[in-house]
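This briefing is meant to be read alongside the sequence and the three-dimensional model. Please keep both in view while going through the points.

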Amino acid sequence: MHELSLVLFTVLAQSAVGLFMVLACLLMFNKDSRRQQVLNRLLPAVLILLGISAVAAITHLGQPLRAVNVIFGLQHLSPLSIEIITTSLFGGAAFTYLLMVHFGLLKPLQKLVLASAMALGLALLWAIANVYTLDTVPTWNSGWTTFQFVMTAFVVGIPAAALLLRMQAGNLGGFQKNADRALATVGFIVLGLVMVGYPLYLFWLGQMDLALNPLALLDYHGGLILARLALLYAGLGIWVIGATRGNNTATGLAAVSTVMVLIAELCGRIFFYDLQMPIM
């Protein structure tokens, strides 16, 4: 648990990307100007999440004022430099889109800027995962790292988007209910992926030929794994089941679900960082 600042940065940044992707997709395929205005009002939540993650990342630096030195790492294609620059570009593109919408600037280009921000969000997910797929850390150096980081974006982003939409149910009308059911369908698919993927990931860890058992490295790991799985399945499950059965406006239910899956991903990320076991 010695990397809590990085735990917060990676989980919140990935969650921000997932939330943005969901809201941006709804904006891209929605032609109603009134609904677009409501959806645009939800996007600052993405910047808030990203801003908190950035503050957490800065606190990890021994000398925060030297953060600008990251630019010089680009000449060597440093994964860390690419991660930080991509974070800045994604946040900048999302902020630029919001400014354009707020002031009514260059309306024909707004969708292009939105699409660019979506592409940069996907690039950010890749950039963060690329920092940790290290040859020298066998417990990180696999596709499971990318799988977990991408899943965090959707596991948190989808119910968080549903929560924000439910908070605006009065302004969105029938669109909100239809969107909630669609998100619940996607959430059901994501739930299936994590129900299969995470146990397979744990099985893969248990089969690794290492001097120490990564699943029993620290005393609290067993409880951490169980807490993550229980919160994840319950958090996604209660929202998906409720939404598919017609409960599409209960804000409290979506809020509980979002908090549960966010805590689950924080538990999973703590476990991930504890597995930093270099080759001896």
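The points below go from the whole chain to individual residues.

This is a predicted model, in which local features need pLDDT of at least 70 and side-chain atom pairs count only at pLDDT 80 or more, whereas totals for chains, interfaces and linings use all residues. Residues are numbered from 1 along each chain as its sequence is written, and side-chain values use heavy atoms, with hydrogens and water left out. The chain has ten helices and zero strands, where helices (H or I, at least four residues) and strands (E, at least two) are DSSP runs numbered from the N terminus.

**Overall fold and dimensions**

- Read from the N terminus, the order of elements is α-α-α-α-α-α-α-α-α-α.
- The radius of gyration of the chain is 19 Å, which agrees with the value near 19 Å for a compact globule because the chain has 280 residues. This radius is taken over C-alpha atoms, and the globule rule is 2.2 Å times the number of residues to the power 0.38.
- Along the principal axes, the C-alpha atoms of the chain fill a box of roughly 60 × 50 × 25 Å.
- Of the contacts in the chain with a separation of 6 or more, 81% are between residues 24 or more positions apart; contact means heavy atoms within 4.5 Å.

**Surface, burial and charge**

- Buried residues account for 48% of the 280 residues in the chain. Buried means under 20% relative accessible area, exposed means over 50%, and partly exposed lies in between (1.4 Å probe, protein chains only).
- The chain exposes about 13,300 Å², of which carbon and sulfur atoms supply 71%. Accessible areas come from the Shrake-Rupley method with a 1.4 Å probe, and for residues only the protein chains shown count as cover.
- There are 13 positive and 9 negative side chains in the chain, with the centres of the two sets 23 Å apart. Lys and Arg count as positive and Asp and Glu as negative, while His and the chain ends are not counted. The place of a charge is taken as NZ of Lys, CZ of Arg, CG of Asp or CD of Glu.

**Helix 2 and its N-terminal end**

- Asp 32 caps the N-terminal end of helix 2, with a side-chain oxygen 3.1 Å from the backbone nitrogen of Arg 34.
- Gln 36 belongs to helix 2 (residues 33-42), and a polar atom of the Gln 36 side chain lies 2.5 Å from the backbone oxygen of Asn 30. A polar contact is a pair of N or O atoms within 3.5 Å; within protein, one must be able to donate a hydrogen and the other to accept it, and residues adjacent in sequence count only if both atoms are side-chain atoms.
- Neighbours within four places in sequence aside, Gln 36 is in contact with Leu 27, Asn 30, Lys 31 and Lys 111.
- The buried residues of helix 2 are Gln 36, Val 38, Leu 39, Asn 40 and Leu 42.

- Leu 106 lies in the loop between helix 4 (79-103) and helix 5 (107-132). Its phi is near 45 degrees, a positive value in a residue other than glycine. Most residues other than glycine have a negative phi.
- Leu 106 counts as exposed because its relative accessible area is 57%.
- Lys 111 is located in helix 5 and is partly exposed, at 30% relative accessibility.
- Not counting residues up to four places away in sequence, Lys 111 touches Leu 27, Met 28, Asn 30 and Gln 36.
- Lys 111 and Val 259 are 148 residues apart along the chain, and their C-alpha atoms are separated by 31 Å.

- Leu 23, in helix 1 (residues 4-28), is buried at 0% relative accessibility.
- Beyond its neighbours within four places in sequence, Leu 23 is in contact with Leu 42, Leu 43, Ala 161 and Leu 164.
- Leu 164, in helix 6 (residues 143-167), is buried with a relative accessible area of 15%.
- Leu 164 touches Leu 19, Leu 23, Leu 42 and Ala 45, leaving out residues up to four places away in sequence.

**The loop between helices 8 and 9**

- Leu 210 is found in the loop between helix 8 (174-206) and helix 9 (221-244), and its relative accessible area of 25% makes it partly exposed.
- Leu 210 and Thr 139 are 71 residues apart in sequence and 9.2 Å apart in space, C-alpha to C-alpha.
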